Amino acid sequence: MQKSIVLILFLFFGMCAIPMLVNAQSNKFTISGSIKDVSNGEELPGTSVSVKEIPGTGAITNQYGFYSLTLPAGNYTLVFSFIGYEEIIREIVLDRDLKISVELKEDSQELAEIVVEDRNERQNIESVEMSKQTITMEEVKKLPALFGEVDVLRTLTLMPGVQNVGEGTTGLFIRGGANDQNLMLLDDAPVYNASHLLGFFSVFNPDAVRDMTLYKGGIPAQYGGRLSSIIDIRMKNGNDKNFEASGGLGSISSRLTLEGPIAKDKASFIVSGRRTYADLFLKLSPDEDIRNNTLYFYDFNAKVNWRINDNNRVFLSGYFGRDVFRFGDNFGIDWGNATGTLRWNHIFNSKLFLNTTLIYSNFDYGFLVNTGSAQNFNWKSSLNDIEIKFDFDYFINPNNTIVFGATNIFHQFRPAEITIEAESSIFEPLKLDNTYALEQAFYIGNEQRVNDKLSLQYGLRYSLYQNVGPGRQFVYGEGNAIFEREIIDTIDYKRGEFYSFYHGLEPRFSFKYSLGQSNSIKGSYNRTRQYIQTVASNTAGLPFDRWIGSNNHIEPQIGDQFALGYFHNLARNQYELSAEVYYRDMRNQLDVLDGANVLLNNSIEDAVSAGNAWAYGIELLARRNIGKLTGWVSYTWSKVQRQIPEINFGNPYSPRYDRRHDFAVVASYQLSERVIIAGNFVYTTGAAVSFPIARYEKEGTIITLYDDANRNGDRMPDYHRMDISLTLDGKYKPGQRWKGSWNFSVYNLYNRMNPFTITFREKAGTGTNNGQPAQMEAVQNSLFGIIPSVTYNFRFM
């Protein structure tokens, strides 16, 4: 096995070296550099660098704002352009390698007058990437807010193919995948639970975030580890020109962000904090029980970066957030994330760019019960990752850009440890086995422009996963399924000893074929492997879901996705239209057996069963990005099914997040220079659920009966809601350093009582106590009616 790994690594890096050896071209030279925002020094990824003399030839900056363009010697006119910025034109004489870095200025024209026809405006047509959405914080902040807080992930659910379970959850279900099949990254660090207040908000403070990119298909080779999607969220770097402060005072929370230069144009920082203060108002209650309760969450983001020289730059960023619920001294729950990213950008030469990243991620949660000396315990659980990765960009020529690299992750699973603080407690101390694992991957990919019409993106990823001692695995006796067998032996592994080895190739392929200047067709295929996942009896993405890794009895998930799309721009690129169809096949999908214990189970494999799943659908999107009126309309028709031998008598069934229809309208209108009105409407089919079919009494206990042959065969009522907002900017004079604005939002404008849960109870006036047969009735519980909110946002420069 070790020889095979060495051979694969040798072939891998050999493939990476070939383009460097064959590309020696004496009559060509390279232009390279970085592109930034002139006002704050932030890099502008996705900026277009085009050549007037050679239509269709150019480059796009990578996510760190770096570009490289190789051309034959000669005289050229370069055009640097990015949506919403004034273009810069440079005439050059290319007789040697050149380094040209520029800073773009925001376009000062009225939005209604901007009609740009450059390459960047047609990226949705010309880019080989499909099933990808990039959302800026400017878009997010225009939308209506819940409790005065706009939310990054809630905005994502307005896009086609993205759903959540319902009101008050941030668990995302993308193209028929489960919530744990999404890899959520904050500056490359995985965030394992992205919810605050049990899902009402996400952990991402929009004041600290630069942008967010979703890959739900055609996933590039440099990403892996999850089956459904990659959600790549990038923090701001901090203004390296001038000091500024910004923030907001909302209905239940406030925010403050400070950023500025440490050394102008060389080093900068940003710190951003957010906290709710509902618990502060509880202190004003005349009821002592209420005064003793605690309910809040906080976020803290920090980042510094230092440009050592033109070829080296270092970034250090971190996130720390926590939710705390305390009900007096009797009961408490808390959970939180902590991440850290140390990044080094190095430019070897005008063509080769390296990003080296060291990453730390921690997610933990706990319970505290102290209702008396007999009922007392403290529960702790956590998941830690330490990761190092190397990502290379090699710009061979205008028609080929190669990416290659490697990543190495050390996982530490600590599922549960229960300690007792009172000797008279009825509970016993308990500690489930900690487990450790090593996950590695190597990848190479190329984006190739074959001709003016055809572009390709293809790559190969090789991933490996193995458990690392100390640890143990159970040996089971004979039987059809693990949960039916008995444990007959235990295998113990020493510290550093490897076991349960899994590996496999993950091919990636995408194409784009232009039908004309304003339309194209795209297709993609990707295979992904997922080695860690959650097991839970619900699908809402709660913070108490248990993360587990693959082992001798639980195989990694494998997914294949095929997608095909048509893309069309209208009215000189003011409108974008797209239609995508997809089919997904997923293997080794886990589901919890009826009545199984997953939280306090050392042999977790006997609480679950594995099978297959498949999903397919169509996604439609119409979008307007330019002018006073912007927004989009999206519609998704989809279906997802699971089939697991030990569940539903082996028949296919719908998971809870199978929703047939998903429709959203989002609009923002610039009424005047100072006034923006915005709104959104959403409609989704009700979630798939199982309602009881009968109940009976046994030894004085009422037992509810469900149909074991029709799991999730019922539906919750459909969900729909409308939100509106008005943003009023303060009067601004040239040279004024303070800018303020008011945001007035109404969530759930027409007071729709959408179902959160449906329970069944005995109808009043029936039952044995009333001398007649009991009759049951359904009771719907809802979280929110209409919610108005006000937020004051400010910026000091």
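Q: What should I know about the numbering and the model?
A: Residues are numbered from 1 along each chain as its sequence is written. The model is predicted, so local features need pLDDT of at least 70 and side-chain atom pairs count only at pLDDT 80 or more, while totals for chains, interfaces and linings use all residues, and side-chain values use heavy atoms, with hydrogens and water left out.

Q: How is a pair of aromatic rings described?
A: By the distance of the centres and the angle of the planes. Rings of Phe, Tyr and Trp (its six-membered ring) pair if their centres lie within 6.5 Å; planes under 30 degrees apart are stacked, over 60 edge-to-face, and the rest tilted. By this rule there are 27 aromatic pairs. One of them is Y64 with F353: stacked, 5.7 Å centre to centre, 20° between the planes.

Q: Which parts does the pair of Y64 and F353 tie together?
A: Strands here are DSSP runs (E, at least two residues), numbered from the N terminus. Y64 lies in the loop between β3 (58–60) and β4 (66–72), and F353 in β24 (352–370), so the pair ties together parts 289 residues apart in sequence. Ring pairs also link Y64, F66, F353 and F395 into a cluster.

Q: Are Y64 and F353 buried or exposed?
A: Buried means under 20% relative accessible area, exposed over 50%, partly exposed in between (1.4 Å probe, protein chains only). Both Y64 and F353 are buried.

Q: What is the strand order in the open sheet of five strands?
A: Two strands pair if DSSP finds at least two bridges between them. The order is β9-β16-β17-β12-β13, with mixed pairing. β9 (132–136) and β13 (189–190) stand at the edges with a single partner strand each, so one side of each has no neighbour in the sheet. β9 and β16 (209–215) run antiparallel, joined by five bridges. T136 has D211 as its bridge partner in β16.

Q: Where should I be careful?
A: Where pLDDT is low, the predicted coordinates should not be read in detail. pLDDT is the predictor's confidence in each residue, from 0 to 100. The protein's mean is 86, and 90% of its residues reach 70 or more. Over residues 19–24, pLDDT stays under 50.

Note on methods: Helices (H or I, at least four residues) and strands (E, at least two) are DSSP runs, numbered from the N terminus. Contact means heavy atoms within 4.5 Å.
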